[in-house]
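Please open the structure in a viewer and keep the sequence panel beside it. The tour below goes from one selection to the next and says what is there.

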Amino acid sequence: MTSATDPLPLPPTVRLIATDLDGTLLRDDKSVSERTIAALAAAERAGIEVFFVTGRPARWMDVVSDHVHGHGLAICANGAAVVDLHSGGKLLEVRPLERGNALDVVRRLRDAAPGTSFAVETATGIHYEPGYPPFHLDPGATVAVAEKLLHEEMPGSAAPVLKLLAQHGELAPDGFLTLARTAAGDLATITRSSPTSLLEVSGLGVSKASTLALCCAERGISSDEVVAFGDMPNDVEMLTWAGTSFAMGNAHPDVVAAASGRTVANNDDGVAVVIERLLAASHGARPRA
């Protein structure tokens with residue numbers, strides 16, 4: 001592991017940059033700094049594709065939609081959706097969580113962690129249980145128990161399920177994740193990106209890494225030609241898959257262990273720092289401090 005103060009490990013050829021958003025590209029106030037905007041644009045001009053790879057749903061991508069050039073694509077909902085930001089977040093590909101599997105996960109987590117509350121993120125919006133603490137009220141949301149929300153005869157049930165969200169008010173975040181993976185990891189991919197005890201449940205085998213790998217294969221890009229950035233457990237698989245990867249200075253310990261290098265924190269423009277050095281190395285220039 002290379003630290004932020006050591007020379008950053010850069011591959012000889014970079015064709016794609018894959019970056020998480022919250023806690024990584026975005027500052028804590030959810031803004032994109034001018035330095036980062038400039039670095040992303042410079043990478044695109046140099047012929048390097050940039051993919052935003054996030055746990056966010058498409059409807060929360062406005063914060064970066066103006067900073068996607070070229071292809072305009074982003075990977076959302078931890079790999080469950082590929083969206084076109086040039087078309088207002090139109091879903092181009094969906095890798096859903098089957099409703100039957102989601103119901104089984106709900107049953108197992110209710111048994112393993114009594115007090116868990118759930119929300120269901122679909123391709124058309126979010127719905128949640130009465131006890132679930134929504135961080136963004138959605139006027140179109142249905143409020144009901146998860147078993148009803150996931151029922152095949154529920155209005156809107158034709159919309160694919162992108163994620164099941166599971167929240168617990170008392171368990172520690174990492175402990176809740178370990179418990180959930182033990183209880184239901186054979187049914188779905190379970191991870192987290194929140195500092196609270198909020199888990200994100202996707203279809204089995206669906207992750208940022210697996211969908212990024214598919215997008216790269218379509219472009220003839222190998223993992224060795226990818227540089228990735230992240231800060232939370234939902235980034236671990238992507239950072240492991242990419243040929244070169246960086247944990248942010250504010251990253252979770254599991255992310256630090258998974259990455260090949262480490263940059264400075266999101267509030268210090270850690271992604272931009274690496275991009276600037278990468279472009280400077282390719283042109284023999286001197287990077288910014």
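The model is a predicted one.

**Stop 1: the largest pocket**

Select Asp22, Lys30, Trp60, Ser193 and Ser194. Of the 27 residues that line the largest pocket, these lie nearest its centre. The volume of this pocket is about 660 Å³. Next, colour helix H1 (21-25), strand S8 (161-167) and strand S10 (198-203), each of which gives at least two residues to the lining. If you colour the lining by residue class, you will find eight nonpolar, eight polar and eleven charged residues.

**Stop 2: helix H2**

Move to residues 34-45, the twelve residues of helix H2. From the first C-alpha to the last, H2 reaches 17 Å, close to the 16 Å expected at 1.5 Å a residue. Show the side chains of Arg35, Thr36, Ala39, Leu40, Ala41, Ala42, Ala43 and Glu44; these residues of H2 are buried. Then step just past the end of H2 to glycine 47, where phi is positive, at about 90°.

**Stop 3: the five-stranded sheet**

Now show the open sheet of five strands, whose order is S7-S6-S8-S10-S9 and whose pairing is antiparallel. Which strands stand at the edges? They are S7 (125-128) and S9 (188-191); each has a single partner strand, so one side of each is left without a neighbour in the sheet. From one strand to the next, the twist averages 25°.

Strand S6 (residues 117-122) runs antiparallel to S7, and four bridges join the two. To find this pairing, select threonine 122, which stands opposite glycine 125 in S7.

S6 also pairs with S8, again in the antiparallel sense, over six bridges. Here the pair to select is phenylalanine 118 and alanine 166, the latter in S8, which stand opposite each other.

How many of the residues of S8 are buried? Seven of its seven residues are, and the strand is mostly covered. S8 is joined to S10 by four bridges, and these two strands run antiparallel. Select leucine 165 to find its bridge partner in S10, glutamate 200.

**Stop 4: strands S3, S4 and S5**

Select strand S4 (residues 81-84) and look at its two faces. Ala81 and Val83 lie on one side, Val82 and Asp84 on the other, and all of them are buried. S4 has pairings with both S3 and S5.

Begin with strand S3 (residues 73-76), which pairs with S4 in the antiparallel sense over four bridges. The hairpin of S3 and S4 has four residues between the strands.

Then turn to strand S5 (residues 90-94). S4 and S5 pair antiparallel, over four bridges. Aspartate 84 has a bridge partner in S5 as well, namely lysine 90. The hairpin of S4 and S5 has five residues between the strands, and glycine 88 in its turn takes a positive phi of about 75°.

**Stop 5**

Most residues other than glycine have a negative phi. The next two selections depart from that.

Select alanine 77, in the loop between S3 and S4. This residue is not a glycine, yet its phi is positive, at about 55°. Is alanine 77 buried or exposed? Its relative accessible area is 1%, which is under the 20% cut-off, so alanine 77 counts as buried.

Then select aspartate 269, in the loop between strand S13 (261-262) and helix H10 (270-283). Aspartate 269 is not a glycine either, and its phi is positive, at about 65°. With a relative accessible area of 7%, aspartate 269 is buried.

**Stop 6: leucine 149**

End at leucine 149, in helix H5 (residues 146-149). Leucine 149 counts as buried because its relative accessibility is 7%.

Note on methods. Residues numbered from 1 in each chain as written. Predicted model: local features only at pLDDT ≥ 70, side-chain atom pairs only at ≥ 80, totals over all residues. Heavy atoms only, no water. 1 Å grid on protein atoms, 1.4 Å probe; cavity = no way out; pocket = protein on both sides within 12 Å on 5 of 7 lines; lining within 4 Å. Points joined across faces, edges and corners; volume = space filled by probe spheres on them. Nonpolar A, V, L, I, M, F, W, Y, C, P; charged D, E, K, R; others polar. Expected span 1.5 Å × (residues − 1). Buried < 20%, exposed > 50% of the residue type's maximum accessible area, 1.4 Å probe, protein only. Pairing = 2+ DSSP bridges. Axes fitted to C-alpha atoms, helices over the stretch in contact; angles between N-to-C directions.
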